Amino acid sequence: MAIDAATVRKVAHLARIKTPDDRLEPLAAELNGILSWIEQLAEVDVDGVEPMTSNVAQALRLREDAVTDGDKVTDIMANAPRSADGFFVVPKVVE
Amino acid sequence: MTDTTATSKLIQGRTGNWEIVMGLEIHAQVASKAKLFSGAAVGFGAGPNEQVSLVDAGFPGMLPTLNGHCVEQAVKTGLGLKAQINRRSQFDRKNYFYPDLPTGYQISQLYFPIVGEGVVEVEAEDGSFFNVGIERLHLEQDAGKLIHDLSPTESFVDLNRAGTALMEIVSRPDIRSPEEAVAYVKKIRTILIYLGTCDGDMEKGNLRADVNVSVCREGQYEKFKATGDFSHLGTRCEIKNVNSFRFISQAINYEARRQIEILEDGGAIVQETRLYDPTAGETRSMRSKEEANDYRYFPDPDLLPLELEQAWIDEIKANLPELPDDKRRRLMSQYGLSQYDAVVLISEQAKADYFEAAAAGRDAKLVSNWVTNELSARLAADGKDFSESPLPPSQVAELVALIEEGVISSRIAKEVFDHVWAGEGSPRQVVEARGLVQVNDTGAIEKAVDEIIAANPDKAAAVAEKPQAIGWFVGQVMKATGGKANPASVNDILKARLGL
């Protein structure tokens, strides 16, 4: 799988990471290097092997349907660049 | 059961006939106390951001823990939709940036949903049935709410809804007209309410639909059905978040027309997401979301696959309440009701329960009429549900008993009902207190009949020529007796006296 500058630009935009044009080619080369390194895994024959989802055999833990959290507007707002009356405030987004 | 899909309505265009094809995605809020992955409360009316945990707000290092009750509700719903329950499912991240989504991704189930294929039987307006295939049901998180009208330059974000559990129910493209779409959503809503897995409150947005609409030339849908090849169908547009039955129907009508006009002008439909604007009565393109269509789904590394025990599923199945279709069939066989009456009764669980409580030992058809007509109308006028009826079922049963015993006529029964509704006591008490007992004394009726015939010899003579003119006499006798005469006796006596 080869990544070109246009793909890097698209992925950077989707991830909202500002990427100057002169970084696109170098990033494409770096990413291609990482991908070809990971592609070595394809050499391993995994036919009939269940995908491993955890390094310990365990089941997904479930919680009770009980209200145990919330009511912490101050904590929630602690890092908000802007807030008012308990709301986060962001630049206008309109459909 | 008849299948009406073949006889769906055609839309006439300038260049020939068109057909509409639709698939729906219904988002139903799971009835639960806490959110899908956090212990914050679910509900309406709290202050901004009061029902938010650090998990919901996407704080670093916070981990989701799945709410077991929400899993049970999804399984219950799947069983109610006669669908395959997948004993192994998995949660995936759907990645996009929007201010109502603090984590930058929605936890959903793309690759392995908890519920697979099912089928729903839907009643059409004409009393026939059609089947809608269910493709899947999966669990996912709801987003927060944006408020745009508090400032001209800013949007305000309330995350109370963020992380609330939703069931997304995806249908096959089996829906062929706006009426069918509405009937389908109504049926799903009824099933959810019977199961208690969603309150179905559309005004609060607890049930909303995305409608995928496409149009094709007459006959193309049949080819698609025969081959399963989507290329026979047109390009679809998705109308997002329609939250009332009326808007669903209006949005589809508008969208189908729009697409047909474009195609007839030689244009092509662009696959896109659109929004229905009820004020303008039109759908509009949601341009801002166009570029966001690359969601880069991947399995959520914070959550292990969800594995269910067959015994646990079996236990839920054994404890399912009676579902609307089963109830309809039982009401028809147990009480001898018509399909129409049964369908009206099962549309609300509380209405069906009320009917059954009143019908024991009574004329079921008569009870059904009183429940679905008079009482329904009164409750609707007061904005009440059957479960909140000020009149207990025993009172309707008593009213019907009085009719059956011949104590009052159906006409008087309406008057009795008014007084009972006004709180004057039970039907029997009202009948006694107001002297509304039907006159069965044939002597009194004969006297009234004789007087009226004597006073109207010309009309009496006319009856011999035109037997249906007897109706006028029946009316006069009822008037003379204050509506209390037994109509059957009046008829018999009139016929005898007039020589019919």
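**Entry 1. Chain B overall**

I started with the secondary structure of chain B and counted 16 helices and 17 strands. I then looked up the radius of gyration: chain B comes out at 30 Å, well over the 23 Å that the globule rule gives for 500 residues, so chain B is more spread out than a compact globule. The C-alpha trace of chain B spans about 95 × 55 × 55 Å along its principal axes. I note for the record that this is a predicted model.

For burial, I find that 41% of the 500 residues in chain B are buried. I also took the contacts in chain B with a separation of 6 or more, and 70% of them are between residues 24 or more positions apart.

**Entry 2. Confidence**

I checked the scores before going further. The average pLDDT of chain B is 92, and 97% of the residues score at least 70. Where does pLDDT stay under 50 in chain B? I find this over residues 1–7, and for that stretch the model has eleven contacts beyond four places in sequence. For the complex I wrote down an ipTM of 0.90 and a pTM of 0.85, both from the predictor.

**Entry 3. Chain A against chain B**

I went to the interface next. The contacts involve 32 residues of chain A and 42 residues of chain B. On the chain A side, the elements that give two or more residues are strand S1 (62–63), helix H3 (73–77) and strand S3 (87–91). Which of the elements of chain A gives the largest share of that side? I find S3(A), with five residues. By residue class, the side of chain A that touches chain B divides into 15 nonpolar, six polar and eleven charged.

I also looked for strand pairing across the two chains. S1(A) is joined by two bridges to strand S3 of chain B, residues 66–67, and the two strands run parallel. Within this pairing I located Leu62(A), which stands opposite Leu66(B) in S3(B).

**Entry 4. Domains of chain B**

I took the domain bounds from the assignment: domain 1 (5–316), domain 2 (322–433) and domain 3 (442–498) of chain B. I looked up the distance between the centres of domain 1 and domain 2 of chain B, taken over C-alpha atoms, and it is 37 Å. How many residues of domain 1 of chain B are in contact with domain 2 of chain B? I get eight, and they touch eight residues of domain 2.

On the domain 1 side, strand S7 (118–123) and helix H2 (178–195) of chain B are the elements that give two or more residues. H2(B) gives the most, with four residues. I classed the residues of this side of domain 1 as three nonpolar, three polar and two charged.

**Entry 5. A three-stranded sheet in chain B**

I traced an open sheet of three strands in chain B, with the order S6-S5-S16 and antiparallel pairing. Strand S6 (105–108) and strand S16 (298–299) of chain B stand at the edges with a single partner strand each, so one side of each is left without a neighbour in the sheet. I then checked the pairing of strand S5 (residues 92–95) of chain B with S16(B): two bridges join them, in the antiparallel sense. The bridge partner of Asp92(B) in S16(B) is Pro299(B).

**Entry 6. Strand S11 of chain B**

Is strand S11 of chain B mostly covered or mostly uncovered? I find this strand, residues 165–171, mostly covered, with five of its seven residues buried. I looked up two of its pairings. Strand S2 (residues 17–29) of chain B runs antiparallel to S11(B) and is joined to it by five bridges. In this pairing, His27(B) has Glu168(B) as its bridge partner in S11(B). Strand S8 (residues 129–141) of chain B also pairs with S11(B) in the antiparallel sense, over seven bridges. There I noted that Ile134(B) stands opposite Ser171(B) in S11(B).

**Entry 7. Leu41 of chain A**

I finished with a single residue of chain A. Leu41(A) sits in the loop between helix H2 (21–39) and S1 of chain A. Why does Leu41(A) count as exposed? I counted 8 C-beta neighbours inside 10 Å, and a residue is exposed if the number is 12 or fewer. I also took the separation of the C-alpha atoms of Leu41(A) and Thr74(A): they are 47 Å apart, with the two residues 33 apart along the chain.

Note on methods:
Residues numbered from 1 in each chain as written. Chains lettered and ligands numbered in written order. Predicted model: local features only at pLDDT ≥ 70, side-chain atom pairs only at ≥ 80, totals over all residues. Rg over C-alpha atoms; globule rule 2.2 N^0.38 Å. Buried ≥ 20, exposed ≤ 12 C-beta atoms within 10 Å, placed from the backbone. Contact = placed C-beta atoms within 7 Å. pLDDT = per-residue confidence, 0-100. Nonpolar A, V, L, I, M, F, W, Y, C, P; charged D, E, K, R; others polar. Pairing = 2+ DSSP bridges. Domains from an automatic or database assignment.
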